[in-house]
Amino acid sequence: MVAVSGGADSTALLLGLSRLAPELGIEVCAAHLNHRLRGRGADEDQSFARALCARLAVPIEASRWNTRARMKRLGLSGQNGLRVLRGRFLVAAARRARAGFIATAHTADDQLETVLLRLARGAGLRGLGGMSARRGPRIRPLLEASRADIEADLRSVGQDWREDPSNQDLAYARNRVRHQVVPALLKVVGAFPTPRARRLLALRVESGVRELRSARRALEQWSARVFPTVARIKGREIALDSETLASYPYAIQRLILRRSWGAFGKARGGLTGRHLEASASLLASSRDRARVELPSRMRLERRGMDVRLGPTTTADQGRAVRVPTPGSCRWARGFASARWVSGDHARGTLPRKSGSEEYFAAEGVLGPLELRPATPDERFVPFGRRREQRLGRFLSRQRVAHALRERPLVLADSGGILWVVGVRRSARAPVTADTQRALRVRAEFHD
C-alpha cells in the first residue's frame, strides 16, 4: 500500500512501484487521507490521487476525516497529532486491503531535515540515526533519492503533481529548517543553495546516518548482553547495579536505561533526552533516595548501591507541600520558591517572565500556599477568561506536553487554584497598575 498525498514524492513512488510491480511480483494499492484542513485545495488533492490511481489501474482507499475534531477527542495537537492520525489511517487501510507493507515517500531531503531537527532537540544515537528504509511493515523506498531527482524524473515523463501551500508556511519547524536552515548550512560549507547542492548535502547526510544506525545496532547488541548482569527484578521494580553500570560507556548506560524502560511495556518514545540525562546523573550520584520523575507515572530512585525503576506510588502522586512565603521547598516532583517584591518590580518583569514563574498581587492571595497535584474535575477561571472551567477540559484544549495534561501540578491557596504550573495562571490576584506588593513564585517540576 502506497501512501499518496498527491505531492511529487508520493506521486513518483506510486508511479515507480506500479511500473515495477510485475518485475517484483507484487500488487500495489494506494491510500489517501483528506485532512479537511485546506478546503477546496484538499478536495482537489483527493481528486488528483483518485485520477492518478485510475489511470494506473491501482485500487485506492480515500477518506475525508475531520482531523481537528479527532485530534481534540484524542488529546492530540499540531503536526505530530496529524502524523499520529495518518499512521492510524494507513494501518487500518492496509489491514482492510490485506497489504503486507506500507510504503511512504520520505526522501533524502526529509532525512536531512529530520536529523537537523532531532540534533537541535538533543537526540541520542537512535534519533540521530534518522529514518530507516524499513521498520517492520513500513518501508521508505525513496530514502536515498533527493527531492530534486524526483521532480526532474517526473518532468521527464510529463507527470504533474500537486503542491501543498502549507509547505511554505514558516510557522512549522520543518519548513523553517527546509527554507532557512538548509540554505544557510550550504553557504557555511561554501556552496550555493541550488537543487544540486541540496541533493549532495542530503545524500551525504543519508550516508552518515546509515553508519550511525550500524553503530547503534552494535551498541544495542552489547547492551543486550550487559543487561542481565546489571539488572534484577525486585517485586514491581527493576534494580540496576549503579556501580557496575557506571563503569560502562555513557551510550551503554543510556541504552540500558531504555531497555529497562521497555521491560515495563512503555512506549519507546516516552523517555526524552532530558529524562535520560537526569537518569544518567542519578547513576553517578551518591545521594540516597535521590530520584527522577519519569513519564507514565514512573520514577527512578537511588537506594544504596541500587537504582530502582518502577511505578510512582499513590502517596508520591498525591502529596502536597506547603510553600513558605517567603522561602522555598522541595518535593518528589520538583521545587518551588516564593518571595515578596514591589509592584513596580512585578510590572517591570511581567513582559519577560519565563513559564516557570508567576506574579500575584498580595491582596489577592488568600492564606497559605501549597504545591500539589490536581484532579481533572477541579475548576478555575483561566487568565484572560471570564468563565470558570473544569481543569481537565481546559488542559485538553492546550498545546502542552502529554505529561502536563496527565499529571497537572497547581499552586493553590484557600481560594483554590492560582496557577496551573507550566500552563497558565488563574484570573485571580492579577498584578495591576494599583498593585503595591506582589508575590513572585517560581516552580519547576519533573514530568
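Arg 213 and Glu 206 join their side chains in a salt bridge, 3.4 Å from N to O. The term covers a side-chain nitrogen of Lys or Arg within 4 Å of a carboxyl oxygen of Asp or Glu. Both Arg 213 and Glu 206 are buried; that label means under 20% relative accessible area, while exposed means over 50% and partly exposed lies in between (1.4 Å probe, protein chains only).

This is a predicted model, in which local features need pLDDT of at least 70, side-chain atom pairs count only at pLDDT 80 or more, and totals for chains, interfaces and linings use all residues. Residues are numbered from 1 along each chain as its sequence is written, and side-chain values use heavy atoms, with hydrogens and water left out.

**Salt bridges**

The whole structure holds 36 salt bridges. Side chains of opposite charge can pair when their charged atoms come close.

| Pair | N to O distance |
|---|---|
| Arg 213 and Glu 206 | 3.4 Å |
| Arg 38 and Asp 164 | 3.2 Å |
| Glu 388 and Arg 379 | 3.3 Å |

Arg 38 and Asp 164 meet in a salt bridge. This pair links distant parts of the chain, 126 residues apart. Arg 38 sits in the loop between strand E2 (30–34) and helix H2 (40–56). Asp 164 sits in the loop between helix H7 (147–156) and helix H8 (173–188). Helices (H or I, at least four residues) and strands (E, at least two) are DSSP runs, numbered from the N terminus. Arg 38 is partly exposed, at 28% relative accessible area. Asp 164 is partly exposed too, at 24%.

Glu 388 pairs with Arg 379. Glu 388 counts as partly exposed because its relative accessibility is 48%. Arg 379 is partly exposed at 46%.

Salt bridges also form a network. Its members are Arg 232, Lys 234, Glu 237, Arg 299, Glu 301, Arg 303, Asp 306 and Arg 308.

**Cavity**

Rolling a probe the size of a water molecule over the atoms shows where empty space is left. The whole structure has 1 cavity of 30 Å³ or more. On a 1 Å grid over the protein atoms alone, a cavity is a set of points where a 1.4 Å probe fits but cannot get out; lining residues have an atom within 4 Å of a point. The largest cavity contains about 50 Å³ of space. Volume here is the space filled by probe spheres set on the points, which are joined across faces, edges and corners.

Leu 257, Trp 261, Leu 271, Leu 276, Ser 279, Leu 294, Leu 300 and Leu 309 line the largest cavity. Helix H11 (250–263) and helix H12 (273–284) each give two or more residues to this lining. By class, the lining has 7 nonpolar, 1 polar and no charged residues.

Helix H12 also holds Ala 278, which is partly exposed at 27% relative accessibility. Ala 278 and Arg 291 are 13 residues apart in sequence, and their C-alpha atoms are 9.1 Å apart.

Leu 20, Leu 24 and Ile 26 make a nonpolar surface patch of about 240 Å². Patch residues have over 30% relative accessible area and no salt bridge, with nonpolar side chains joined within 5 Å and like charges within 9 Å. Leu 20 belongs to helix H1 (residues 8–24). Leu 20 is partly exposed, at 39% relative accessible area.

Arg 393 lies in helix H15 (residues 391–396). Arg 393 is partly exposed at 45%.

Key
Accessible areas come from the Shrake-Rupley method with a 1.4 Å probe; for residues, only the protein chains shown count as cover. On a 1 Å grid over the protein atoms alone, a cavity is a set of points where a 1.4 Å probe fits but cannot get out, and a pocket is an open set with protein on both sides within 12 Å along at least five of seven lines; lining residues have an atom within 4 Å of a point. Ala, Val, Leu, Ile, Met, Phe, Trp, Tyr, Cys and Pro count as nonpolar, Asp, Glu, Lys and Arg as charged, and the others, Gly among them, as polar.
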